[in-house]
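This report goes through one protein model part by part. Keep the sequence and the structure in view while reading.

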Amino acid sequence: MDFTPTEEQAAARDLAADIFADLATPERLAAAGTGSDAELWKALCAAGLPGAVEDIGLLGLVLLLEEQGRVTAQVPFAASCVFGVLALAAHGTAEQRDRLLPALRQGSAVATGAFPARGGVTASVCGADSACGTTVADGTLTGTVGWVPWLRDASVVLVATDDRTLWLVRVADARVEPVELTAPWAAGRLVLDGTPGERLGGPGDPGVYEDVLAGARTAFAGLQAGVCAGSLARAVAHTNEREQFGRPLAAKQAVQLRAADAHMDTEAIRVTAYEAAWRRDAGLPYDTHALTAAWWASEAGKRVVHAGQHLHGGAGADLDHPVHRHFLWGRQLDAYLGCGSEVLQELGELIAAQGGAYDENSAR
């Protein structure tokens, strides 16, 4: 395996980094509140980055999402690319691609996904007085998904049903109720009641649900790698500048060890996301690798953002401090990917279902 970015991937990553650095500043993020930054999204689309994902692949998208995560930029980049551009490019019919992809590439349309990023779950856990589950009858969908990231920004939502088929639904045809999450992801509650939808893929295209789910896990793990890297960078800068008894906090061994652990966790998230993305782009099986990336992003990501806030001392308790945004994003991604024990259980069950053996050739 070779994770060295191609020339196109590196150019897209560097361009994204410049745009995020210029526009996703703490001041602008604070002014955006819990909504998305329309000006930043417009700049990313003007640079052609959503459309470039088709050419640079899932690994290229992971590199771009790392840059978004470093600054916790409030745009629906991950959702629109993984649930829209890549899903349609890989599994859409020729007619669906011709009709939907141009607007998604340009950013004039935004896609998102109405299912949690963990297998076997296609509806939210609801109260006794709420509709729960998603079913299909005569090309219409009925059910409720408790929260969908960036739904308030989306024009089309990819809905997973109980039988693990995926359906494209116009947001305008559904009912959307605003929901505030731990992180400012412009989320909403999706209510479907005989809502029309069109199937993504067909009987001759098996594994659509599994492929999109694995791609989403990998992409959001890449986003978590960036969130963690940004949190750690802020902690390193703070502990080098902050002095106690005439010495920088960074000179203390306990601080160094905590930062080193966070660095190793961040690298583990990054390399597992890279491997899963590289395998997908190479046409190799990557379902177990995507689950591995999701486990690291959930379990280790939680540790890193806690460490980043802790290393800021009292400043880390300030809800307006930029490092707190990384904490919120890290915890939201932990919840979205599924807690570590859930992901680990699914990984074990998948390996057992595949015969309990880890093929050496597929592991390379």
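Which residue in S4 is the bridge partner of Ala114? The partner is Val159. The model discussed here is predicted.

## The sheet

Strands S1, S4, S5 and S8 form an open sheet of 4 strands, in the order S1-S4-S5-S8, with mixed pairing. At the edges are strand S1 (111–114) and strand S8 (198–200), each of which pairs on one side only. From one strand to the next, the twist averages 35°.

Strand S1 is joined to strand S4 (residues 156–160) by 4 bridges, and the two run parallel. In general, strands of a sheet pair through backbone hydrogen bonds, and the pairing is either parallel or antiparallel.

## Helices on the sheet

Two helices are described here. Helix H5 (residues 77–91) packs on the sheet and touches S1, S4, strand S5 (166–170) and S8. The direction of H5 makes about 90° with that of S1. Helix H6 (residues 94–106) also packs on the sheet, where it touches S1, S5 and S8. The direction of H6 makes about 80° with that of S8.

## The nonpolar core

The largest nonpolar core has 104 residues, and the members that touch the most others are Leu61, Phe83, Leu190 and Phe220. Helix H7 (residues 208–241) gives the most to this core, with 15 residues.

What does Phe83 touch, leaving aside its neighbours within four places in sequence? Phe83 is in contact with Ala111, Thr112, Gly113, Phe115, Leu158, Val212, Ala216, Phe220 and Tyr336.

## Arg105

Arg105 lies in helix H6. Is Arg105 buried, partly exposed or exposed? Its relative accessibility is 32%, so Arg105 counts as partly exposed; a buried residue would be under 20% and an exposed one over 50%.

With neighbours within four places in sequence left aside, Arg105 is in contact with Pro50, Gly51 and Glu54. Between Arg105 and Phe220 there are 115 residues of separation in sequence, and their C-alpha atoms are 19 Å apart in space.

## Confidence

The mean pLDDT of the protein is 88, and 91% of its residues reach 70 or more. Over residues 117–132, pLDDT stays under 50, and the model has 41 contacts beyond four places in sequence for this stretch. The pLDDT is also below 50 over residues 360–364, a stretch with 10 contacts in the model beyond near neighbours in sequence. Where pLDDT is low, the predicted coordinates should not be read in detail.

Definitions and conventions
Residues numbered from 1 in each chain as written. Predicted model: local features only at pLDDT ≥ 70, side-chain atom pairs only at ≥ 80, totals over all residues. Heavy atoms only, no water. Core = buried A, V, L, I, M, F, W, Y, C linked by side-chain atoms within 4.5 Å. Buried < 20%, exposed > 50% of the residue type's maximum accessible area, 1.4 Å probe, protein only. Contact = heavy atoms within 4.5 Å. Pairing = 2+ DSSP bridges. Axes fitted to C-alpha atoms, helices over the stretch in contact; angles between N-to-C directions. pLDDT = per-residue confidence, 0-100.
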